[in-house]
Amino acid sequence: MQHPQQPVIPEQSLDRDCTTLSRHVLQQFSSFTPEAQDISAIMNRIALAAKLISRRLSRAGLMAGTLGFTGETNVQGESVKKMDVYANDVFISVFKQSGLVCRLASEEMDQPYYIPENCPIGRYTLLYDPIDGSSNVDINLNVGSIFSIRQQEGEDLDGEAKDLLQSGDKQIASGYVLYGPSTVFVYSLGKGVHSFILDPSLGEFILAEENIQIPEHGAVYSVNEGNYWQWDESIREYIRYVHRHEGYTARYSGALVGDFHRILLQGGVFLYPGTTNKPEGKIRLLYESAPLAMLIEQAGGKASTGTQRLLDAVPDKLHARTPLVIGSQQDVELVESFITDWTRRKSDSEETGTAKVAKV
Ligand code: F6P
């Protein structure tokens, strides 16, 4: 019953407008503990980084020094873009003197970056890909940022951050920002997956969808088919299967965050399998595939290396890569079944000395 003194607020949309990212993060915790305050402060800083990157991207074609390459090559052997450097530095800057994060590890840095003034109290590590899909920047297509938060374990006295070499289940939170027609922030603290849209007039991320659930199956398969002859036969068999069956459609943007976002909302599967040149594929475990795997599991989907649950994979180094199959449960399982089937036939044929094992 409405209290007689209470003003009536009929506008549900007003309530929605007031659910900002920071309020939502705090609501995820049952009480106002120091951990709740820390995580909420970290998420606010990530949101600030996202707003700064979004602002720069929206003006990239108008400002000098934003598009194109720096002429450097990063630790992955990839040419570095000016936006990669800018976005990487933004993440570092927003965490300086925060007392929150002692170490940051990113695709753009060979070794973790320590913020010594934070280290006595900052017990968290931020892992991130500042600009995912940066080949899209120069042509005004979508790109993203991916992040993962882990608790620092031990003192890390030798500065090697070995405690990061653990499975994805160690993540406390993960998420991404999609810089598209609007800027979208998606995150999970292990209690569902939630999305927010940046309202530029307010400078706030406003709740768009709570507890996103991925469909069990979707029409989309998202893969770089240019690598067809570099894949294992199992993946080629899967691709021939979707070519020959109705109800499948290909979508691939060259930016993982965009392709993943489509699949999270509409179902389907994204694959980056191993290739002859890169047997572990291209996607980095700690700051690309593990954060997305946490999100997809929280949304009721599945993430796999093709042969094991992705969140069980343990990296042997900071920039380790794994093959990635991620998306709707049924679609991921279908890809896995092709891999298992092929592996079994291959080992049977090796035992019996039969040469031909290809099915289709
Ligand atoms: O990992 C970086 C990345 O740019 C992803 O965003 C994207 O899905 C993939 O690489 C594209 O790689 P390729 O050009 O080999 O298909």
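Here's a quick tour of some salt bridges in this structure. Keep in mind that this is a predicted model, where local features need pLDDT of at least 70, side-chain atom pairs count only at pLDDT 80 or more, and totals for chains, interfaces and linings use all residues. Residues are numbered from 1 along each chain as its sequence is written, and side-chain values use heavy atoms, with hydrogens and water left out. Side chains of opposite charge can pair when their charged atoms come close. A search of the whole structure turns up 18 salt bridges (a side-chain nitrogen of Lys or Arg within 4 Å of a carboxyl oxygen of Asp or Glu).

**Bridges between distant parts of the chain**

- Arg-309 pairs up with Asp-169, with their closest N and O atoms 2.9 Å apart.
- These partners sit 140 residues apart, Arg-309 in the loop between strands S14 and S15 and Asp-169 in the loop between strands S6 and S7 (strands are DSSP runs of E, at least two residues, and helices are runs of H or I, at least four, numbered from the N terminus).
- Glu-333 bridges to Lys-302, the closest N and O atoms being 3.3 Å apart.
- Here helix H8 holds Glu-333 and strand S14 holds Lys-302, 31 residues apart.

- Arg-345 and Asp-341 meet at 3.5 Å, N to O.
- Both lie in helix H8, four residues apart, which is about one turn of the helix.
- Shared partners join Glu-237, Asp-341, Arg-344, Arg-345 and Asp-348 into one salt-bridge network.

**Buried or out in the open?**

- Arg-345 and Asp-341 are both buried (under 20% relative accessible area; exposed is over 50%, partly exposed in between, with a 1.4 Å probe and protein chains only).
- Arg-309 is partly exposed at 29%, and Asp-169 is partly exposed at 45%.
- Glu-333 is partly exposed at 35%, and so is Lys-302 at 23%.
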